[in-house]
Number of protein chains: 2
Amino acid sequence: MINVGIIGFGTVGTGTAKILLNNRDIIRERTGIDVNLRRIADLDIKRDRGIRLARGVLTTDANAVINDPEIDVIVELIGGTTIAKEVVLKALKAGKHVVTANKALLATYGREIFRTAAANRVQVGFEASVGGGIPIIKVVREGLVANRIRAIYGIVNGTTNYILTKMTDEKAEFGEVLKEAQKLGYAEADPTYDVEGIDSAHKLAILATLAYGAPYSIRDVHVEGITSITPMDIEFARELGYKLKLLAIAKAGGGGIELRVHPTMVPEDNLISKVDGVYNAVYVEGDAVGSTLYYGRGAGDMPTGSAVVSDIVDIALAVAGCAPARPSLATTGRKALMKMDDVVSMYYFRFAALDRPGVLSKISGILGSRNISIISVIQKGRHSGKAVPLVVLTHLARERDVAAALREINRLSVVAGKTVCIRVEGRDAD
Amino acid sequence: MINVGIIGFGTVGTGTAKILLNNRDIIRERTGIDVNLRRIADLDIKRDRGIRLARGVLTTDANAVINDPEIDVIVELIGGTTIAKEVVLKALKAGKHVVTANKALLATYGREIFRTAAANRVQVGFEASVGGGIPIIKVVREGLVANRIRAIYGIVNGTTNYILTKMTDEKAEFGEVLKEAQKLGYAEADPTYDVEGIDSAHKLAILATLAYGAPYSIRDVHVEGITSITPMDIEFARELGYKLKLLAIAKAGGGGIELRVHPTMVPEDNLISKVDGVYNAVYVEGDAVGSTLYYGRGAGDMPTGSAVVSDIVDIALAVAGCAPARPSLATTGRKALMKMDDVVSMYYFRFAALDRPGVLSKISGILGSRNISIISVIQKGRHSGKAVPLVVLTHLARERDVAAALREINRLSVVAGKTVCIRVEGRDAD
């Protein structure tokens, strides 16, 4: 059992608390670690956040959380670099492990914080500081540990990507879209950090420090924001075969490391070009692994909370012993398997239909009788009396019904061969 | 220092050995772990693999490696489920940690192997068993540990994705493309495991076991291969707005877990549709994190070796102590920063050029004098004597030269305002 105290009960704090309460069981099953949310400190403890907490969990006194001898891990979710720094250093000196999502704090005071942690033999988790729910920190420092990192390219700020996506789709001006984004809560009242590229630069400094093992800070990053981007340039980019994105770029070359954040034109067929709205994606190129890409929601209560909680679990496992009990293939759970017959999917059928009147009506009649409804039909070619392909795309249908319908259809005298059947995923499910 | 023995010196064995030798320094800098490649066993120790090994490293006797008391970690890269199983169990019983890329072995005998490991208090690493160099195992079991996994969709077999991509691009028949893939070494002489979907099913069983905590095996997976796919169906799919991919799918629903591998039509605008050739991609949807995607090379000596070595490092860190010395932000390296002036990039310029004869020649002359060469030019509209946008896309050029050229151009009397300058990435670099 590990006891957790959260300081800062805003968006991410609320997401983290929800996950700790709702998924406590599955985390325990997977790792043997029981994560107990013991205290939450915030100046505002009245507002309803849609969470039921036990009595005594909430407090307005951050020190009461930091100094609680039962608490093992302090989660700092205040933001900013003043009070947050004080809280983090105080917690580390009190012998608590710290988990934080605060990229500005880490990119500015990272060395001091990690040295204090080392001196007090505690750990600092910061998965949530870059890429929201995407485990990009873990990927760079653990998954790709065997690689010399050649380059990192990332869309690491959801606000600017949302704005650029809207400007592209609606040929709208920056100012207009920014106002709309502020209304929807995708941009802050003071959007400077995001739209001027500062937030992206903080995140790039963190990634570069991990990738290249030297203390890169925001002062090492060439930064340009998106405020002067116009729909005209986006349109010209499109004509040339490019999309406009705010990229954070680190590249290792002969002359040293390039670190830059600026609006960038990316070839339309590159995966990064397809990353739209508030999504983030980071492309990492290693000398052994080659090109890899990591994609997901870069912000938000639950995605960022997912990263915070993964740090808590990592720390708990490290504290628990030398051989962390990661989920392995020697599972103890019971299998709960759905029968293939019960699976629901969209379907593509290609019938070898004889070109005679009434064939489509017969086939669609059988499909209808089995609750299989049609999205579209393609009928090609004319060979009176001969077989022509008749293609049908369906809405969601049950495998069992599909099998029965096809058996019936394949027996029709107007069907000249076995029907091709391919499942379709995505449009209904996404 | 950790001593490693490799058993099986084929493609992945060679890649692993190369990484251990070439990147030993950077791994030590990052983690403090010195990984020493002590022995390699293979029946063929004569063939030149382009690697210089110290005398005495190579042996034909697997037992000499397994029983070497100095060796901490055995890397099994034989493949298959007979000798490989014997080697792995023998190594575990000898108290060695094991790292393997063998999905067939794990999907078939996973429980026995992990129980033997637990009984002997050693670990089994298997990052390389799914997704080649993509750290997807680490993502599912560690990065997303806080999530209930709603669904996993993946292209996890490069051979079939290569074949389907070629069939799509060249409207070619399956048999034809298979033969070509065999010639190029992308498909085995006996391609059954790949093209019938068995390899994908093994990998899905491993992912599902980790995601859902119960011992799913290949027998639980509904499997269909790609052998009966025709160019006609791929073409109809395109008309309907879909791409055809071999997907491995796990979905958690009310009725249990669906596990299936089959050709699947995926909407063209979905990221998975853009994953072509031998690349793999796995989409993981968690209740907190939402949709995430992981993309990279799914096979090959170096990518798979990257995953093998990350497992070795993970084991070494776990063995070394309770607080693994992961790379942190308190780095000790020296910064080597490239000056922005020296950065090389492609560029997009938009000049506000007066619509007069000779303007393009003046501008391109200045660009040329600074070694900036032009890929394309777009000139739009006609407003005699007024400013019209003149767009130029350049080849790679140096930031310093670009700045100087733009200063000169902005002073021209035929240029009516400051030039817009946006960097372009990707086409030259990728």
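This is a predicted model: local features need pLDDT of at least 70, side-chain atom pairs count only at pLDDT 80 or more; totals for chains, interfaces and linings use all residues.
Biologist: How many helices and strands does chain A have?

Modeller: Chain A has 14 helices and 17 strands. Its C-alpha atoms fill a box of roughly 85 × 55 × 45 Å along the principal axes.

Biologist: And what share of its residues is buried?

Modeller: Of the 430 residues in chain A, 59% are buried. The accessible surface of this chain is about 16,800 Å², and carbon and sulfur atoms contribute 49% of that area. Among contacts in chain A with a separation of 6 or more, 70% link residues 24 or more positions apart.

Biologist: Turning to chain B, what is the strand order in the open sheet?

Modeller: The six strands of that sheet in chain B follow the order S3-S2-S1-S4-S5-S6, with parallel pairing. Strand S3 (58-59) and strand S6 (124-125) of chain B are the edge strands, each pairing on one side only.

Biologist: How many bridges join S5(B) to S6(B)?

Modeller: Two bridges connect strand S5 (residues 97-100) of chain B with S6(B), and the two strands run parallel. B:Val98 stands opposite B:Val124 in S6(B).

Biologist: Which helix packs on the sheet?

Modeller: Helix H12 (residues 301-320) of chain B does, touching S1, S2, S4, S5 and S6 of chain B. Its direction makes about 160 degrees with that of S5(B).

Biologist: Which residues touch the most other members of the largest nonpolar core?

Modeller: They are A:Ile136, A:Ile163, A:Met265, B:Ile136, B:Ile163 and B:Met265, in a core of 162 residues. In soluble globular proteins, nonpolar side chains tend to be buried together.

Biologist: What is B:Ile163 in contact with, beyond four places in sequence?

Modeller: B:Ile163 contacts B:Phe174, B:Val177, B:Leu178, B:Ala181, B:Val195 and B:Ile226.

Biologist: Now the loops of chain A. Where does A:Ala288 lie?

Modeller: A:Ala288 is in the loop between strand S11 (279-286) and strand S12 (290-297) of chain A.

Biologist: Is A:Ala288 buried or exposed?

Modeller: A:Ala288 has a relative accessible area of 5%, so it counts as buried. Setting aside residues up to four places away in sequence, A:Ala288 touches A:Asn147, B:Ile19, B:Met302, B:Pro303 and B:Ser306. A:Asn147 is 141 residues from A:Ala288 in sequence, yet their C-alpha atoms are 5.7 Å apart.

Biologist: And why does A:Asp355 count as buried?

Modeller: A:Asp355 counts as buried because its relative accessibility is 10%, and the cut-off is under 20%. This residue sits in the loop between strand S13 (344-354) and helix H13 (359-369) of chain A. Among the residues that A:Asp355 touches are A:Arg382, A:His383 and A:Lys386.

Methods:
Residues are numbered from 1 along each chain as its sequence is written. Chains are lettered from A and ligands numbered from 1 in the order in which they are written. Side-chain values use heavy atoms; hydrogens and water are left out. Two strands pair if DSSP finds at least two bridges between them. Helices (H or I, at least four residues) and strands (E, at least two) are DSSP runs, numbered from the N terminus. Contact means heavy atoms within 4.5 Å. Axes are lines fitted to C-alpha atoms, for helices over the stretch in contact, and angles run from 0 to 180 degrees between N-to-C directions. A nonpolar core is a set of buried Ala, Val, Leu, Ile, Met, Phe, Trp, Tyr and Cys residues joined through side-chain atoms within 4.5 Å. Buried means under 20% relative accessible area, exposed over 50%, partly exposed in between (1.4 Å probe, protein chains only). Accessible areas come from the Shrake-Rupley method with a 1.4 Å probe; for residues, only the protein chains shown count as cover.
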